[in-house]
Amino acid sequence: MNTPLSDKLIQHLYWRTGFGISLSKLKSVRKLSKNQIVDRLFSESNQETPLFIDFGVLFKNPRNLSREERKQLKKLRNQKMLELNSSWIKQLTETKQVLREKMTLFFHNHFAVRLRTPRASLQLNNLIRKHALGNFGDMLMEVSKSPAMLLFLNNRQNRKDKPNENFAREVMELFTLGRDNGYTENDIKEAARAFTGWNFTKDGGFVFRKSQHDFGSKTVLGKTGNFTGEDIIKILLEQRQTAKYLTEKIYRYFVNEKIDPLKIDELTNIFYGANYNLETLMRKIFLSDWFYAPENIGVKIKSPIELIVGLSKPLQVIYKDPKVLLYLQRKLNQILFLPPNVAGWPGGRSWIDSSTLMLRLKLASVTLNKGVIEWHDQNDMGITTMMRQKLYKKIKSQTEKKVKAASNWQYFLTSLEQMNKEELIDFIIQPKLSEGASIVIAELDTKNTKNFVIELMSLPEYQLC
């Protein structure tokens with residue numbers, strides 16, 4: 001149980017539980033056992049640091065405003081969404097509660113809500129963070145009652161005699177059982193009746209409107225009764241399939257895209273037996289010998305957020321214009337708080353295509369070496385190809401803007417001390433180098449450590465963790 005971990009295995013653990021590890025941190029934990037390092041990860045994430053945004057005039061009722069004031073309010077709302085996005089990126093980069101934030105990022109995609117309502121989005125994010133290492137059942141109940149979820153899945157329109165099935169469908173298909181796993185269309189319809197009357201007040205508090213609720217008998221997953229929404233969620237949590245679905249999803253995210261059925265079965269039993277305690281499940285994963293097996297190291301494609309934060313963290317990168325961060329997320333196909341749909345980002349190989357790969361490979365140079373990329377605000381979703389070509393010609397000479405990012409190279413280079421070429425490669429790159437990458441590295445000039453590091457971060461292997 002007191003097994004020591006090599007530097008490579010420690011880096012593997014910190015990439016999966018966070019966004020990499022600094023050399024100073026690595027030096028401080030390498031003398032600890034595996035159990036002690038894992039204990040420290042959980043201890044550091046014991047507390048939570050909620051995001052905070054000052055919404056000010058957003059609390060005004062639009063009905064009481066003039067047309068011009070409503071226009072300004074909409075503009076301010078967009079600004080607050082940008083502020084919310086950059087605030088979370090900053091917290092992901094600077095926090096010591098790395099495991100809690102990584103779990104929050106995971107569940108941000110599990111409970112994928114796409115809204116341009118900053119207050120509701122912030123509340124949901126902080127709610128997930130609160131339960132990220134706690135009880136999944138408690139998280140599910142609170143998320144289901146949050147304004148963000150009630151808005152996004154139309155449960156405010158879910159009323160007796162005219163039920164809306166959106167939330168009932170997704171809570172089974174995406175949040176608990178998984179698609180086509182043990183429920184029927186009739187189960188969805190009956191469950192929708194149970195969620196009638198769920199709403200929220202102006203200040204974001206949950207409210208149950210009895211006059212809109214269907215108090216009739218319902219049959220869901222073989223059980224019959226005058227069920228409420230809370231009853232349905234409890235019934236879903238009673239299903240072992242819910243524990244299995246969550247376990248598989250967590251395994252794919254933290255261990256490997258390729259599922260091992262025997263390990264899933266073991267982990268499911270532990271998770272279900274622990275009444276959905278997330279810390280119990282995650283500890284089991286991080287303490288298991290198989291988590292550190294060669295087949296699980298350097299095989300996960302970094303999400304855009306993992307790539308951006310993993311690049312920013314060791315060099316303490318500061319972006320002078322938050323719009324650049326938003327642009328990078330957009331071009332890499334992952335904008336925080338704006339998932340593509342209720343199913344979230346598919347992840348894995350979907351992160352890479354001909355467009356995103358080029359930017360991924362240039363990101364280190366662009367961010368750390370004052371590189372230049374072409375960017376502009378894309379509020380042109382509906383324009384035609386001809387209009388897009390004209391717009392491109394118009395802005396081509398105007399929109400090549402530097403990514404105004406400041407990097408603390410002195411801090412980074414000082415921490416390297418006297419690392420030789422092989423040690424530096426091993427620190428920067430997680431997977432085994434391909435033959436092509438080895439040839440490229442052999443031709444690099446190692447005298448300029450800064451450029452050498454940037455070149456390593458520009459290799460395809462750096463896209464993996």
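Visitor: Which residues have the most contacts inside the largest nonpolar core?
Guide: This is a predicted model, in which local features need pLDDT of at least 70, side-chain atom pairs count only at pLDDT 80 or more, and totals for chains, interfaces and linings use all residues. Residues are numbered from 1 along each chain as its sequence is written, and side-chain values use heavy atoms, without hydrogens and water. A nonpolar core is a set of buried Ala, Val, Leu, Ile, Met, Phe, Trp, Tyr and Cys residues joined through side-chain atoms within 4.5 Å. The largest one has 133 residues, and those with the most contacts inside it are Phe107, Phe111, Phe136, Phe175, Ile285, Phe286 and Ile428.

Visitor: Which helix gives the most to this core?
Guide: Helices are DSSP runs of H or I with at least four residues, strands are runs of E with at least two, and both are numbered from the N terminus. The top contributor supplies seven residues and spans residues 240–254; it is helix 12.

Visitor: What does Phe136 touch, leaving out residues up to four places away in sequence?
Guide: Contact means heavy atoms within 4.5 Å. Phe136 is one of the residues with the most contacts inside the largest core. Its partners are Phe107, His110, Phe111, Phe175, Leu237, Thr242, Leu246, Phe271, Tyr276 and Leu278.

Visitor: Why does the protein chain count as being as compact as a globular protein of its length?
Guide: The chain holds 22 helices and eight strands. The radius of gyration is taken over C-alpha atoms, and the globule rule is 2.2 Å times the number of residues to the power 0.38. For 465 residues the rule gives 23 Å, so the chain is as compact as a globular protein of that length, with a radius of gyration close to that value, at 24 Å.

Visitor: What share of the 465 residues counts as buried?
Guide: Buried means under 20% relative accessible area, exposed over 50%, and partly exposed in between (1.4 Å probe, protein chains only). In soluble globular proteins, nonpolar side chains tend to be buried together. For this protein chain the buried share is 52%.

Visitor: Is Phe42 buried or exposed?
Guide: Phe42 is found in helix 3, residues 34–44. Beyond four places in sequence, Phe42 touches Leu99, Leu133, Glu279, Met282, Arg283 and Phe286. At 5% relative accessibility, Phe42 is buried.

Visitor: Which residues are in contact with Gly310, leaving aside neighbours within four places in sequence?
Guide: Gly310 lies in helix 15, residues 304–315, and is buried, with a relative accessible area of 4%. The contacts of Gly310 are Trp15, Phe19, Ile305 and Tyr462.

Visitor: Where is Asn275?
Guide: Asn275 is not a glycine, yet has a positive phi of about 55 degrees. Asn275 counts as exposed, at 52% relative accessibility. Its place is the loop between helix 13 (261–273) and helix 14 (278–287).

Visitor: What is phi of Leu221?
Guide: Leu221 sits in the loop between strand 3 (218–220) and strand 4 (223–225). Its phi is positive in a residue other than glycine, with a value near 50 degrees.
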